[in-house]
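I opened the notebook to look over a new model. Here is what I looked up.

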Amino acid sequence: AMMQELLTRGMPGRHTRFKQTELGEIPESWEMRRLDDVAFVQTGIAKGKVVGADATPVPYLRVANVQDGHIDLSEVKSIDVTPEQIARFGLRVGDVLFCEGGDADKVGRGDVWQGQVDPCLHQNHVFAVRPDTEVLLPEFLSAVRASEVGKRYFLDCAKQTTNLASINSTQLKAFPVPLPGLDEQRAIVDALASITVQVELETAVLARLRATKESAAAALLSGELRVTPAEGLR
């Protein structure tokens with residue numbers, strides 16, 4: 001709810017005039033731009049291509065690595081590529097990763113690449129979007145991607161075949177991006193990050209409470225732990 005409010009209404013108390021756009025109502029001072037106007041969309045490398053004698057194995061990201069809001073590096077595979085392919089398909093810090101598709105929940109999911117592995121490529125089912133950081137912050141773009149309006153855009157334009165959905169580079173390039181000034185983008189990103197930290201802390205507390213409950217239940221049911229009924233319940 002906070003994400004939806006910040007990405008359509010802006011920072012609280014900052015705006016009083018609004019306008020209608022394809023994403024709904026946004027502050028009048030914000031621009032609406034196509035993604036390819038403010039970022040470079042890089043397609044990934046396809047497996048099975050013939051490579052030269054100078055090819056070497058390099059890590060690359062698959063759809064399984066690109067989750068919604070984080071990058072899973074528990075299993076990173078490699079692909080044989082030439083130096084030219086490394087230059088062409090290499091990821092850079094600040095690239096925003098978007099999944100082409102698969103199941104409906106995979107369409108458009110992704111996160112910001114922080115250079116955890118270097119060098120690292122991405123397969124052709126994962127797009128790398130390189131924002132022009134003079135007008136668009138990677139973290140802000142990723143927040144728009146993950147928002148209700150962002151997910152609705154990708155689901156609406158995705159091709160649906162045999163329970164699978166996918167988007168192409170043309171549809172991704174046409175993704176409408178709301179553009180506040182950089183200062184407000186940073187403020188929105190910081191506000192969302194603070195809530196994310198709070199959610200993670202509360203989730204950890206909940207996990208510990210559930211573990212304590214399960215341990216207590218097991219001890220009680222096995223007889224390892226005995227309790228005396230309260231006087232009023234005898």
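How many helices and strands are in the protein chain? I found seven helices and 14 strands; helices (H or I, at least four residues) and strands (E, at least two) are DSSP runs, numbered from the N terminus. I then looked up the radius of gyration, which is taken over C-alpha atoms. The value is 23 Å, well over the 17 Å that the globule rule gives for 234 residues, so the protein chain is more spread out than a compact globule. That rule is 2.2 Å times the number of residues to the power 0.38.

A note on the source: this is a predicted model, where local features need pLDDT of at least 70, side-chain atom pairs count only at pLDDT 80 or more, and totals for chains, interfaces and linings use all residues. Residues are numbered from 1 along each chain as its sequence is written, and side-chain values use heavy atoms, with hydrogens and water left out.

Next I checked the extent: the C-alpha trace spans about 80 × 60 × 35 Å along its principal axes. Of the 234 residues, 39% count as buried. Buried means under 20% relative accessible area, exposed over 50%, partly exposed in between (1.4 Å probe, protein chains only).

I turned to contacts (heavy atoms within 4.5 Å). Among those between residues at least 6 apart in sequence, 72% join residues at least 24 apart.

Last, I picked valine 227. It lies in the segment after helix H7 (182-222). Is valine 227 buried or exposed? Valine 227 counts as exposed, because its relative accessibility is 62%. Its C-alpha atom is 51 Å from that of lysine 151, 76 residues apart along the chain.
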